[in-house]
Amino acid sequence: MHDHSPAPASWRIALPHSAAAVPVARALVRNALAELDHTADGDTAELLTAELVANAVEHTSVGRTPIELVVELRPTGCQVEVHDPDPSPPADLTRPDVEPPDPWREGGRGLLLIRALSSSCGHRSTGAGKAVWFRLPAVPAQRRPR
């Protein structure tokens with residue numbers, strides 16, 4: 001029985017505080033999009049998810065609350081959120097470009113990439129820390145490369 005209401009399909013998964021979190025997160029996003037035959041750009045979704053997760057792993061200490069990945073698929077697009085226990089906001093995500101980022105500095109590119117490639121992105125405080133998110137639009141079927 002198919003319910004065609006626009007309720008979002010969502011996945012929520014706790015990730016390890018290690019580099020292993022990145023491929024797990026990428027696979028979850030890829031599988032979620034494939035399962036619903038969603039039209040958001042899967043490569044971009046995977047890339048940006050990997051950046052958010054890598055950032056969360058890098059900037060939070062091990063052993064506290066886990067990092068959580070939340071993927072929401074709506075008819076209009078997809079939203080990916082990464083929750084981590086560090087309450088401080090991600091510097092490069094919302095700050096205006098005061099100085100150009102140093103492309104050789106590890107971690108400097110990821111959030112700028114997210115700003116460039118997502119339709120919108122941001123962060124919010126949560127009870128346990130913060131959530132950083134991005135959205136990608138659904139692409140009409142006729143515009144998708146086959």
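# Reading the sheet and the helix pair

User: Which residue in β5 stands opposite Thr126?

Analyst: Thr126 faces Gly129 there. This is a predicted model, where local features need pLDDT of at least 70 and side-chain atom pairs count only at pLDDT 80 or more, while totals for chains, interfaces and linings use all residues. Residues are numbered from 1 along each chain as its sequence is written, and side-chain values use heavy atoms, leaving out hydrogens and water.

User: How do you know that β4 and β5 pair?

Analyst: Pairing takes at least two bridges found by DSSP. β4 and β5 have seven, and they run antiparallel, so they qualify. The two strands also make a hairpin, with two residues between them. By the way, strands (E, at least two residues) and helices (H or I, at least four) are DSSP runs, numbered from the N terminus.

User: What makes β1 and β2 partners?

Analyst: Again, seven bridges: β1 (residues 9–15) and β2 (residues 67–74) pair in the antiparallel sense. Arg12, for instance, has Val70 as its bridge partner in β2. β2 is also joined to β3 (residues 77–84) by seven antiparallel bridges. Across that pairing, Leu69 stands opposite Val82 and Glu68 stands opposite His83. A hairpin of two residues connects β2 to β3.

User: Why are β1 and β4 said to stand at the edges?

Analyst: The five strands make an open, antiparallel sheet in the order β1-β2-β3-β5-β4. β1 and β4 (120–126) each have a single partner strand, so one side of each lacks a neighbour in the sheet. On average, neighbouring strands here are turned by 15 degrees against each other, direction ignored.

User: Why are α1 and α2 called roughly antiparallel?

Analyst: Helix α1 (residues 21–35) and helix α2 (residues 42–59) pack at about 150 degrees, with axes 8 Å apart. Angles over 145 degrees count as roughly antiparallel (under 35 is roughly parallel, 65 to 115 roughly perpendicular, the rest oblique). So α1 and α2 are roughly antiparallel to each other.

User: What makes up the contact of α1 with α2?

Analyst: Contact means heavy atoms within 4.5 Å. From α1, the residues include Val22, Val29 and Leu33, and they meet a set in α2 that includes Leu47, Val53 and Val57. The residues of this contact divide into 11 nonpolar, two polar and three charged.

User: Where does α2 lie relative to the strands?

Analyst: α2 lies across β1, β2, β3 and β5 (129–137), and runs at about 170 degrees to β5.

User: Where is confidence lowest, and where is it highest?

Analyst: pLDDT is the predictor's confidence in each residue, from 0 to 100. Helix α3 (residues 91–94) is lowest, with a mean of 63, and β3 is highest, at 96. For the protein, the mean pLDDT is 83, with 77% of residues reaching 70 or more.

Technical notes:
Axes fitted to C-alpha atoms, helices over the stretch in contact; angles between N-to-C directions. Nonpolar A, V, L, I, M, F, W, Y, C, P; charged D, E, K, R; others polar.
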